[in-house]
Amino acid sequence: IAGRMVAKIALQQLLPNYQYHHWQLHRGVFTQPVVEGPGAPGISITHTDQVVIAIAYPLEHPVGIDPESIPAETAASVIFEHCSKNEKELAKNGFLA
């Protein structure tokens, strides 16, 4: 149920004029979430024991999500490797969380 609730929030973010009663969420042939209704976008939902994530997207730009649990120090070093010089400076000054 949490996944469906978060999916509806994601749908509303993608399409602000979205009304909950216009579309319904169903399971597709591979148990993937499918949005049914006029102009329906795609939706991807995933969860762990601690988090539920959903992302809505235009059908021509499919997106998948997969949360991973990694140690904070590993995440920090990997993220820092991919930061621009300006972003690294911001991080050193405490402007990036």
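The model is predicted, so local features need pLDDT of at least 70 and side-chain atom pairs count only at pLDDT 80 or more, while totals for chains, interfaces and linings use all residues. Residues are numbered from 1 along each chain as its sequence is written, and side-chain values use heavy atoms, with hydrogens and water left out. The protein chain has a mean pLDDT of 85.

**Confidence**

- pLDDT is the predictor's confidence in each residue, on a scale from 0 to 100, and 96% of the residues in the chain reach 70 or more.
- Confidence is highest in β4, at a mean of 94, and lowest in helix α2 (residues 72–81), at a mean of 78.
- Helices (H or I, at least four residues) and strands (E, at least two) are DSSP runs, numbered from the N terminus.

**The nonpolar core**

- The largest nonpolar core has 11 residues, namely A7, A10, L11, Y18, W23, L25, V35, A40, I43, A54 and A56.
- Such a core is a set of buried Ala, Val, Leu, Ile, Met, Phe, Trp, Tyr and Cys residues joined through side-chain atoms within 4.5 Å, where buried means under 20% relative accessible area, exposed over 50% and partly exposed in between (1.4 Å probe, protein chains only).
- Both α1 (2–14) and β4 (52–57) supply at least two residues of this core, and the largest share, three residues, comes from α1.
- Y18 counts as buried because its relative accessible area is 4%.
- Beyond its neighbours within four places in sequence, Y18 is in contact with K8, L11, Q12 and W23.

- T46 is buried, since its relative accessible area is 14%, and S44 is buried at 12%.
- Leaving aside residues up to four places away in sequence, T46 touches V51, V52, I53, I65 and P67.
- With that sequence cut-off, S44 touches P33, I53, A54, I55, Y57, V63, G64 and I65.

**The largest pocket**

- The largest pocket has a volume of about 300 Å³, a volume being the space filled by probe spheres set on grid points that are joined across faces, edges and corners.
- On a 1 Å grid over the protein atoms alone, a pocket is an open set of points where a 1.4 Å probe fits, with protein on both sides within 12 Å along at least five of seven lines, and lining residues have an atom within 4 Å of a point.
- Its lining consists of I1, G3, R4, L25, H26, R27, T31, Q32, P33, I45, T46 and H47.
- α1, β1 and β3 each supply at least two of the lining residues.
- By class, the lining has four nonpolar, six polar and two charged residues; Ala, Val, Leu, Ile, Met, Phe, Trp, Tyr, Cys and Pro count as nonpolar, Asp, Glu, Lys and Arg as charged, and the others, Gly among them, as polar.

**Loop residues**

- T31, one of the pocket-lining residues, lies in the loop between β1 and β2 (33–36).
- T31 has a positive phi of about 65° although it is not a glycine, and T31 is exposed, at 54% relative accessible area.
- S69 is placed in the loop between β4 and α2 and is exposed, with a relative accessible area of 76%.
- S84 belongs to the loop between α2 and α3 (85–92) and is partly exposed, at 34% relative accessibility.

**Distances between C-alpha atoms**

- S69 and T48 are 21 residues apart along the chain, with their C-alpha atoms separated by 9.2 Å.
- Y18 and A91 are 73 residues apart along the chain, and 37 Å separates their C-alpha atoms.
- S84 and L25 are 59 residues apart in sequence and 39 Å apart, C-alpha to C-alpha.

Methods
Contact means heavy atoms within 4.5 Å.
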